[in-house]
Every structure is written in structure tokens, then in C-alpha cells.
Amino acid sequence: MRSIVVTGGAGFIGSNFVHHVLRNTDLTVTVLDKLTYAGNVASLEGLPPNRFTFVRGDIADDELVDELVGTHDAVVHFAAESHNDNSLHDPAPFLQTNVIGTYTLIEACRRHGTRFHHISTDEVYGDLELDDPERFTESTPYNPSSPYSSTKAASDLLVRAWVRSFGLRATLSNCSNNYGPYQHVEKFIPRQITNVLTGVRPKLYGAGENVRDWIHADDHSSAVLTILTSGVLGETYLIGADGEQNNRAVVELILELVGQPADAYDHVVDRAGHDLRYAIDWSKLRTELGWRPRFSDFRAGLEATIAWYRDNEAWWGPQKATTEARYAAQGQVAL
Ligand code: NAD
Ligand code: TDX
């Protein structure tokens, strides 16, 4: 494998992956990204021009996709509409990009015999009770709750069907919640960090009891690279790093790390259909492919992430007012 297409490479995890690949391999990378509100070419600055190309385009553009897929050895597919709150207010782009876009890519990979890796989420499994001793595994039944997660589940099932029916040379991965640099300020952790950096109180949905299983985006990248190079075709791998935290604890930790009182946040109206808890059992990835996360200390990872947002206001500043205006228009009010 010498050249890969990375879809959604101007987004949060895609851009972290591109940096990771160019730092740690000899691969050449072509990013295909539509640059929606969530894409930012500034996340791809400073990459080596002889190994990196950026193409602005839509993964549902059949002609463009066919040309790129036919001239590269593999596709790593991150592009998606990714935000649950947006999916509750306007699901249409989620259907178009997550379902039709994935379909367009796998059809092109089928025609050209190109290797495909599909990036997905633990949200396809629905949610767990707070005290459930079980975690999600590769055999947990699909039970998505939101328009976002149901379109991701649909895309996973398309890939699995293309593997079985057409011999598509594909692997899949379902990862837990990512944090790190280059994450859009609509998402939980960067929203709260940039709130406190701009003198606004963090906003916690409902009581804040919901649990997410946090992993650093660079660990997600190393896991995807491991699966791309040594994963078994047709297999699904869950990616996680034992990072369960409830939302209130995360907000309190951010406040502590910036030197503010632990209760200096607001409760706002809860998300409709809000999944209670996600938790990943990633033993298959550990035992079969020997992968391990590097960022095991959440506090240290969060501290580094706060420092990144403090140092990179030019990157996130332009998104902040629009994002908060969108939340206000969606009716988000303090309780
Ligand atoms: P993101 O919203 O930050 O980035 C998405 C990128 O895709 C953007 O650059 C956007 O411009 C691009 N894009 C959107 N529609 C497109 C289209 N039609 N054609 C081409 N490009 C398009 O998302 P993210 O958080 O980086 O998530 C990336 C992938 O990882 C998604 O598939 C998501 O489901 C999955 N995932 C995310 C998380 C998480 O915690 N963020 C966890 C598990 C899995
Ligand atoms: O302001 C907020 N306050 C708050 O309490 C926001 C934006 C979120 N939350 C809560 C909702 C969730 O319980 O924080 C938690 C995390 O929220 P998000 O960052 O929106 O992530 P989540 O809905 O868990 O989904 C994320 O992880 C799985 C990604 O956005 C998905 O793309 C990925 O598939």
C-alpha cells in the first residue's frame, strides 16, 4: 500500500489521522473533503507537499470519487455529518452524506478492487445502564437512538453487505468519544473549554449523569492505522481506551484545570433521546492486533487539549459565535 484517500480529512479525527500517517509512515495521502461547516483546511497546515494533496469535493460525487478511488490503493472513510444535536434538528444531510456518500464510495471501491476502511462509532449499539457490568463488544446488537447514529449504523450495514455479497476488501472500526486538538467547538469538550476561555459558563445537558468513554484522537489514529495495515478483511474492531467519565465530572475537571470554582457551570435543557452511557470492550484489538493506547491519563490529555485551545484561538475563534447562535436557535436554554 503506497497511497490512500482520506475522506473527511479536514475534520477533527480525519485531520488528526492525516498528521499521524504523514508522521509515522511513508504513505502519500489525498484528502477528499467537502469543507462543510465542520471542515477546516487550517487543520492541515504544514504537511509535506510531496506526500499530501487536498481535493475539495463531495463523497457522493460519483465521477470524482471514481477517479480518486481508481488511482489510490486504499480509502479510509471518516467523512460524515457527525453531530447528534444537528441531526435532531435537520436529519437530511445525515442521510445524504452518511448513507448515500458511503454507498458511493463502496461502489467505487467494488469497481476498482480498492481496499476500504470504514470509520464508525460506538453509538450504533445504543446505550447502557449506568450500572451495567457489560460493555459493548463486536457482537453487541445494533440499536441506535438518534438520526446521526442510525445513519452511521446504516452505513456500517452497507459496508458489511458489500463485503459479503461483492467481496469488498473492507474492515470496519467503531470508536468511543474522541477528544484532542482540531475538534469543532460544537462538541462537548471544546465547547466547554472555549466557553471558559471566553468568560462564558459551561453548559451541561440535564443532570450531567451521562457517561462517555473518552479516547485521545491520536490513539484513534494509531488504532485505525493498525487495522488498515494488519486487520483481517471483513472484520469489525472496537476502539476504546477505558476512559469512562460522566459529563459533570468532565466539566468540573475543566473548571479545576483553568482555576475556576467547580460549580461555575449551568444546567441546560437535556438532549432529546440522550444516550445514557457508552463503554467499549476493546480486547479484540488488543489480543488480535496487539494495539495499545498511548494516552491513558485523561487529566493530562485534557490539560494538553485546554492548552491547545488556549494557544489556537485563531483556529476556533471564527466558529464560536456561529455555533453558539445555532444552539440558541435550537432552543437551548438554562434550567
Ligand atoms: P467532523 O464533523 O469533525 O468532520 C467531518 C468532516 O467530513 C468535515 O471535514 C466535513 O467537511 C467532511 N464532510 C462532511 N460531509 C462531507 C461530504 N459529503 N463529502 C466530503 N466531506 C464531507 O467529524 P469527526 O468528529 O472528525 O468524525 C469523523 C468520523 O469519525 C465520522 O465518521 C464519525 O462518525 C466518526 N466518529 C467520531 C467520533 C467522535 O468522537 N467525534 C467517535 C467515533 C466515531
Ligand atoms: O454543550 C454540551 N453539553 C453537554 O452536556 C454538549 C455539546 C454536549 N453535552 C453532552 C452530551 C453527551 O452526553 O456531552 C456528551 C458528549 O456530547 P457530544 O460531544 O455532542 O458527543 P456525543 O453525542 O457523545 O457523540 C460523539 O461521540 C460519538 C461524536 O459527536 C460522534 O460523532 C461520535 O460518533
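Here Ala, Val, Leu, Ile, Met, Phe, Trp, Tyr, Cys and Pro count as nonpolar, Asp, Glu, Lys and Arg as charged, and the others, Gly among them, as polar. On that basis, the shell around ligand 1 has 12 nonpolar, 13 polar and 5 charged residues. The model is predicted. The chain has an average pLDDT of 97, and 100% of its residues score at least 70. For the complex, the predictor reports an ipTM of 0.99 and a pTM of 0.99.

**Ligand 1**

- Ligand 1 has 30 residues around it, and those that come nearest are Gly8, Gly11, Ala38, Gly39 and Ala80.
- Three elements each supply at least two residues of this shell: helix α1 (12-24), helix α4 (92-112) and strand β5 (115-121).
- Helix α1 gives the most to the shell around ligand 1, namely 3 residues.

**Ligand 2**

- Around ligand 2 there are 16 residues, of which Ser82, Thr121, Lys187, Phe188 and Tyr205 are the closest.
- Helix α6 (188-197) and strand β8 (203-205) each contribute at least two residues to the shell around ligand 2.
- Strand β8 accounts for the largest share of that shell, with 3 residues.
- Sorted by class, the shell around ligand 2 holds 3 nonpolar, 7 polar and 6 charged residues.

**Annotated span**

- An unreviewed UniProt entry lists residues 6-296 as "domain: NAD(P)-binding".
- In the model, residues 6-296 are 38% helix and 17% strand.

**Helix α10**

- Helix α10 covers residues 298-311, which is 14 residues.
- Phe298, Gly301, Leu302, Thr305 and Ile306 are the buried residues of α10.
- Viewed down the axis of α10, these buried residues fall within an arc of 140°, and therefore they line one face of the helix.
- Arg299, Ala300, Arg310 and Asp311 are exposed, on the other side of α10.
- Buried here means that 20 or more other C-beta atoms lie within 10 Å of the residue's own, and exposed means 12 or fewer.

Definitions and conventions. Residues numbered from 1 in each chain as written. Chains lettered and ligands numbered in written order. Predicted model: local features only at pLDDT ≥ 70, side-chain atom pairs only at ≥ 80, totals over all residues. Near = placed C-beta within 6 Å. Helix = DSSP H or I, 4+ residues; strand = E, 2+ residues; numbered from the N terminus. pLDDT = per-residue confidence, 0-100. UniProt positions renumbered as here; feature names shortened; annotations may be inferred. Expected span 1.5 Å × (residues − 1). Arc of directions from axis to C-beta.
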